[in-house]
Amino acid sequence: MLPEVLAELAAARADEMDADTVNRELSIARKAIGWWQRQGRIACDPTIGIEWRPAPPDRTKALSENQIAALWRLDDALREKTLWKMLDESAARAEEILCLDVEDLRPGDKRGRTLVKGGATEWIHWQSGAARLLPRLIAGRYRGPLFLTGRKTPAGTPTMDVCPETGRARLSCRRAEEVFEENTRLLANPLATPEDIEDLDGWTLHRFRHSALTHDAEGGTSTRCCRPAPVTPPSAPWSGTPALVWTRSPGT
């Protein structure tokens, strides 16, 4: 009788509480029952037959597919659209994307060589969405930082962070975060009034990575982020053959 009674109580509890809470309480109960069994106070486990409740994946940091779709409907600048698309398609960190230089890109392979945590050199892989935007963003440049600020670089900026063709500086992570947060406040707070929106927070760029990893895990696919860079890449860099970089075959 006791197992049936406990099963009914567990089912009723599951209707009131989330799966994580129910599973945690069941685990505590089974630990106590195990101790009582070792003490010889009870002979069997009355919770046998009560199954763990399937807990939904933690999506607190992942953007849903609908949220990401809403993001692409925003009327934002080309620079922001390209950066966000690369983050979404690669699962890379923002700093890894922002340290890319034009000459690091291999457009034929939809990838770019970058430095990751620890100083290792690896490849970031993107997909067709970013591939369509990159030529417009680069606009004929063959060297220098991929993502640039809108103004001329201030004096004292390191040479590696200055575009030699435009004189503009590399876009910083801090500024990229600010722009993204400002542009996503309404998406993050859809019920907010225009008067309140300035006091609320938008999304962070790191949520792209959480989203990509979460969606890949749910779909049973591998992550799209980085792989070790070979010494000799199979395709020419962006600046190697500028006239042929974006040539497409008939029918593609």
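**Close-ups of a hairpin and a helix pair**

**View 1. The β2–β3 hairpin and its turn.** In this predicted model, the hairpin of β2 and β3 has 5 residues between its strands, and Gly118 takes a positive phi there, near 95°. The strands themselves, β2 (residues 111-115) and β3 (residues 121-125), pair in the antiparallel sense over 5 bridges. To get your bearings, look for Thr114, whose bridge partner in β3 is Glu122. Strand β3 is mostly covered, with 4 of its 5 residues buried.

**View 2. Helix α4 against helix α6.** Here α4 (residues 78-90) packs on α6 (residues 128-138) at an angle of about 150°, and the two axes sit 9 Å apart. That angle is over 145°, so α4 counts as roughly antiparallel to α6. The crossing of α4 past α6 is left-handed.

**View 3. Who touches whom between α4 and α6.** On the α4 side, the contact residues are Leu78, Arg79, Lys81, Thr82, Lys85, Met86 and Glu89. They meet Ser128, Gly129, Ala130, Leu133, Leu134, Arg136 and Leu137 of α6. Sorted by class, this contact of α4 with α6 has 6 nonpolar, 3 polar and 5 charged residues.

**View 4. The buried residues of α6 and what follows the helix.** Tucked away in α6 are Gly129, Ala130, Ala131, Leu133, Leu134, Leu137 and Ile138, which are its buried residues. These buried residues pack against α4 and also against β1 (105-106).

How values were computed: Residues numbered from 1 in each chain as written. Predicted model: local features only at pLDDT ≥ 70, side-chain atom pairs only at ≥ 80, totals over all residues. Heavy atoms only, no water. Axes fitted to C-alpha atoms, helices over the stretch in contact; angles between N-to-C directions. Helix = DSSP H or I, 4+ residues; strand = E, 2+ residues; numbered from the N terminus. Parallel < 35°, antiparallel > 145°, perpendicular 65-115°, else oblique. Left-handed = near helix turned anticlockwise from the far one by under 90°. Contact = heavy atoms within 4.5 Å. Nonpolar A, V, L, I, M, F, W, Y, C, P; charged D, E, K, R; others polar. Buried < 20%, exposed > 50% of the residue type's maximum accessible area, 1.4 Å probe, protein only. Pairing = 2+ DSSP bridges.
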